[in-house]
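The structure is shown first, and the terms are given where they are used.

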Amino acid sequence: MQMAMIGLGRMGGNMVERLMRNGHQTVVYDRSADVVAKYQKLGATPAHDLAEVVTKLKTPRVVWIMVPAGAPVDDTIQALVPSLTKGDIIIDGGNSNFHDTMRRAASLAKQGIEFVDSGTSGGIWGLENGYCLMVGGSDRAVKQCEPIFRALAPEDGYAHVGPSGAGHYVKMVHNGIEYALLQGYAEGYEILHASKDFPRLDLRQIAEVWQHGSVVRSWLNELAVRAFSRDVSLSDLKGYVADSGEGRWTVQEAIDSDTPAPVITLSLIMRFRSRQSDTFAGKVIAALRNEFGGHAVTKS
Ligand SMILES: NC(=O)c1ccc[n+]([C@@H]2O[C@H](COP(=O)([O-])OP(=O)(O)OC[C@H]3O[C@@H](n4cnc5c(N)ncnc54)[C@H](OP(=O)(O)O)[C@@H]3O)[C@@H](O)[C@H]2O)c1
């Protein structure tokens with residue numbers, strides 16, 4: 001079928017490629033004309049602005065947005081809406097907050113425009129392996145877009161999980177779990193790395209053996225094998241870990257629903273800690289221990 005992709009970054013670009021490989025026609029738009037030209041060469045129809053995206057689509061139109069969460073999504077929707085007509089469908093495949101998605105769906109519904117949210121997982125590997133899609137929206141809109149979802153997902157890797165917002169809700173929790181898994185692997189490998197009794201443990205070898213029959217084998221651990229194969233000491237990296245919102249939204253949701261989620265919560269907090277080279281809190285503890293017990297301090 002025909003659809004448009006807006007935002008041809010690491011995700012949107014690869015998704016266009018996978019859709020075209022599966023016989024779908026794509027109209028593509030990105031703020032960068034060079035990126036649009038790249039996908040034009042691969043067979044996509046270029047658009048130079050959002051109004052042109054709409055003119056190049058047959059009705060009912062399907063427009064997939066793959067830009068960062070927040071204002072970029074609102075701005076894109078606002079620019080599209082005047083040209084769209086009743087029955088058209090906008091899909092937000094990024095990591096938007098589900099509250100925003102519910103608000104956008106309600107507002108677009110007043111104009112007869114369907115809003116579908118597709119929580120999308122698979123990263124840069126999705127081009128070859130397919131993307132796991134957690135989809136929210138009306139039965140009618142989701143059914144209509146199903147050929148796109150089936151092309152993007154691997155077998156059994158797409159599910160319609162509920163009404164508008166449900167897809168992003170499920171993806172939010174998915175990413176919260178991802179935080180905890182990453183933290184668990186990180187702590188395990190750090191303990192191995194710091195071992196006093198066994199200072200020469202080969203982390204690449206250990207990661208590799210865990211991939212064969214172990215209960216902790218996983219795709220994330222497979223990626224640890226790859227990373228350690230390149231440089232087992234990860235010496236060219238800083239241990240600085242960013243976050244793009246889903247972890248903190250998951251923790252907020254846990255708080256709002258009185259759900260104890262200590263591991264995900266602490267995984268988020270460890271990301272904050274990773275961005276500090278020293279902490280004021282640490283200085284306070286050192287100062288107070290020195291005050292009450294004369295304990296030694298390390299000067300900065
Ligand atoms: N990377 C992942 O593993 C992954 C996995 C699942 C979901 N996601 C989600 O997918 C979405 C896209 O991620 P990505 O990794 O593809 O990001 P990306 O590589 O940074 O690409 C983002 C795209 O959005 C465009 N963009 C940025 N700000 C914009 C704005 N204000 N208005 C219009 N377009 C704008 C960028 O254009 P410019 O090039 O001009 O900046 C680029 O085309 C995000 O919501 C992300 O959280 C990412």
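## Basis and terms

Angles between axes under 35 degrees count as roughly parallel, over 145 as roughly antiparallel, 65 to 115 as roughly perpendicular and the rest as oblique. Axes are lines fitted to C-alpha atoms, for helices over the stretch in contact, and the angles run from 0 to 180 degrees between N-to-C directions. Helices (H or I, at least four residues) and strands (E, at least two) are DSSP runs, numbered from the N terminus.

The model is predicted: local features need pLDDT of at least 70 and side-chain atom pairs count only at pLDDT 80 or more, whereas totals for chains, interfaces and linings use all residues. Residues are numbered from 1 along each chain as its sequence is written.

## Domains

Seven residues of domain 1 are in contact with seven of domain 2, where contact means that the C-beta atoms, placed from the backbone, lie within 7 Å. On the side of domain 1 that touches domain 2 there are three nonpolar, four polar and no charged residues. In these classes, Ala, Val, Leu, Ile, Met, Phe, Trp, Tyr, Cys and Pro are nonpolar, Asp, Glu, Lys and Arg are charged, and the others, Gly among them, are polar.

## Ligand shell

The ligand is surrounded by 22 residues, of which Gly9, Met11, Pro72, Gly94 and Asn95 are the closest. A residue is near a molecule if its C-beta atom, placed from the backbone, lies within 6 Å of it. Two or more shell residues come from each of α1 (10-21), α4 (71-80) and β6 (114-121). By class, the shell around the ligand holds seven nonpolar, 11 polar and four charged residues.

## Helix α10 and its partners

The axes of helix α8 (residues 166-193) and α10 come within 10 Å and cross at roughly 45°, so α8 and α10 are oblique to each other. Their crossing is right-handed; a crossing has this hand if the near helix is turned clockwise from the far one by less than a right angle, and is left-handed if anticlockwise. Leu181, Leu182 and Tyr185 of α8 make the contact with Leu220, Asn221 and Ala224 of α10. The contact of α8 with α10 comprises five nonpolar residues, one polar and no charged.

Helix α10 (residues 219-230) also packs with helix α9 (residues 203-210), at an angle of about 155° and with the axes 9 Å apart. The pair α9 and α10 is therefore roughly antiparallel, and α9 passes α10 in a left-handed crossing. From α9, Leu203, Arg204, Ala207, Glu208 and Trp210 meet Asn221, Ala224, Val225, Phe228 and Ser229 in α10. This contact has six nonpolar, two polar and two charged residues.

## Helices α11 and α12

Helix α11 (residues 246-256) packs with helix α12 (residues 262-274) at about 140°, with axes 9 Å apart. That angle makes α11 oblique to α12. The crossing of α11 and α12 is left-handed. Here Gly247, Arg248, Thr250 and Val251 in α11 meet Ile264, Thr265, Ser267 and Leu268 in α12; by class, three residues of the contact are nonpolar, four polar and one charged.

## Backbone features

Threonine 59 and proline 60 are joined by a cis peptide bond, with omega about -10°. Proline 60 lies in the loop between α3 (50-55) and β4 (62-65).

Aspartate 156 is not a glycine but has a positive phi of about 65°. The loop between α7 (139-152) and β8 (158-162) holds aspartate 156.

Methods: Contact = placed C-beta atoms within 7 Å.
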